[in-house]
Amino acid sequence: MPELADYAAHSRYSDPGPHAPLLAAVPTDPGSLHQAACSVVIHYRGAADQLVPGQDADIDLRWLSDLLDESQRRSAGPLTSAREPAQQLAGCCRDHTLVAIAVLREHGIPARSRVGFSGYFRPGFHHDHVVGEYWDGSRWVRFDPELDMAENWFGFDSHDMATGLGAPFETAAEVWQAHRRDGLDVSSYGVDPSLPFLCGPEFVRGYVVTELAHRERDELLLWDVWGDTLPETPTPAEELDRLADEVAELLVAADAGDASAEVKLAERYATDPRLQPGSSVLTLSPTGRVGDADLEARVNRWRA
């Protein structure tokens, strides 16, 4: 299972390649993490009216080294430098968080990404979201690198967020458990109210698997699917529900400090083909493109 030292080292996704000095130059205080993440990445939906034609293709950049290659090509300089929208990378919360945790890891601070849902962007709806956590020496501190505490729009400390069901950010596992055990209506959990087919139980269930992947240091795209999350999977829905029940229970227990649950998660992820992406994933890009991503060769092969 990942140890603290593993979270302090780069994953294959957060590895900056030749850009390590850029990460090392960013201070690790929350304000600097926010500035770096939001200088490099602009949200492809929230700022759609500011993008130039073709910029939305950025969202399928998976590896931090590739993101930083393109970022520096458009505007070389410190990651915290102000950039015009056309010089930024169109991305999402996953990319903001990947930049932030990569900075922390470059400084030797254990950090990881968490996948779930935020209730603070639109009243009455819970958007799919990715935030970060870092180890402060005694506990995991949860933070949202997209939010600027100086503006304090949301009424909570985005640099040390409360955790658990009902918190501003809820993990996919917490939401799934509440749905299955307590009948939580998850129709308001998804990508956007305008996209009801990307909301609800099946969507939350898939995110439990994505949450596990990120916990195991595979910070895949939110539209990467594999194993039993593939659209054409023949696995009956009841079996998928039970699998998500098992994984969610372990994730919640691990968050509560159960070391045996952490070990079981790592074992399941390493050995269960229904959960492990292996060497390839299917990418269902919001751009409408469908591709087969070879994770070993680091190549996306887009289907016609």
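This note sets out numbered points on the predicted model shown above.

1. Overall fold. The chain contains 9 helices and 11 strands. Its radius of gyration is 18 Å, close to the 19 Å that the globule rule gives for 304 residues, so the chain is as compact as a globular protein of that length. Taken along the principal axes, the box filled by the C-alpha atoms is roughly 50 × 50 × 40 Å.

2. Of the 304 residues in the chain, 54% count as buried. Among contacts with a separation of 6 or more, 66% come from residues 24 or more positions apart. The student may wish to keep both values in mind when reading the points on single helices below.

3. Surface and charge. The chain exposes about 12700 Å², and carbon and sulfur atoms supply 52% of this area. There are 26 positive and 50 negative side chains in the chain. The centres of these two sets lie 3 Å apart.

4. Cysteines. How many disulfides does the model contain? The count comes to 0. For Cys38, the nearest cysteine sulfur is that of Cys93, at 11 Å. For Cys92, the nearest cysteine sulfur is also that of Cys93, at 4.4 Å.

5. Helix 3 and His34. His34 belongs to helix 3, which spans residues 30-40. Is His34 buried or exposed? With a relative accessible area of 15%, His34 is buried, because the cut-off for a buried residue is under 20%. Leaving aside residues up to four places away in sequence, His34 touches Pro145, Glu146, Leu147 and Asp148. His34 and Thr80 are 46 residues apart in sequence, and their C-alpha atoms are 8.8 Å apart in space.

6. Helix 4. The buried residues of helix 4 are Leu64, Ser65, Leu67, Leu68, Glu70, Ser71 and Gln72. These buried residues pack against helix 2 (20-24), helix 3, strand 2 (89-91) and helix 5 (93-106).

7. Ala48 is found in the loop between strand 1 (41-43) and helix 4 (64-74). Ala48 counts as partly exposed, at 42% relative accessibility. Its C-alpha atom is separated by 36 Å from that of Asp245, a residue 197 positions away along the chain.

8. Helix 6. In helix 6 (residues 172-182), the buried residues are Ala172, Ala173, Glu174, Val175, Trp176, Gln177 and Ala178. What do the buried residues of helix 6 pack against? Their partners are strand 3 (111-122), strand 6 (169-171), strand 7 (189-190), helix 7 and helix 8 (237-255). Just after helix 6, Gly183 takes a positive phi of about 75 degrees.

9. Helix 7 and Arg205. Arg205 lies in helix 7, residues 201-215. Although arginine counts as a positive residue, Arg205 is buried here, at 14% relative accessibility. Apart from residues up to four places away in sequence, Arg205 touches Trp176, Ala237, Leu240, Asp241 and Ala244. One of these, Trp176, is also among the buried residues of helix 6.

10. Backbone angles to check. Most residues other than glycine have a negative phi, and most peptide bonds are trans. Arg217 has a positive phi, near 75 degrees. Arg217 is placed in the loop between helix 7 and strand 8 (224-225), and it is buried, with a relative accessible area of 17%. Arg298 also has a positive phi, near 60 degrees. Arg298 is found in the loop between strand 10 (290-294) and strand 11 (299-302), and it counts as partly exposed, at 37% relative accessibility.

Note on methods. Residues numbered from 1 in each chain as written. Predicted model: local features only at pLDDT ≥ 70, side-chain atom pairs only at ≥ 80, totals over all residues. Heavy atoms only, no water. Helix = DSSP H or I, 4+ residues; strand = E, 2+ residues; numbered from the N terminus. Buried < 20%, exposed > 50% of the residue type's maximum accessible area, 1.4 Å probe, protein only. Rg over C-alpha atoms; globule rule 2.2 N^0.38 Å. Contact = heavy atoms within 4.5 Å. Areas by Shrake-Rupley, 256 points an atom, 1.4 Å probe, with all protein chains shown as cover. Charge placed at Lys NZ, Arg CZ, Asp CG, Glu CD. Disulfide = S-S within 2.5 Å.
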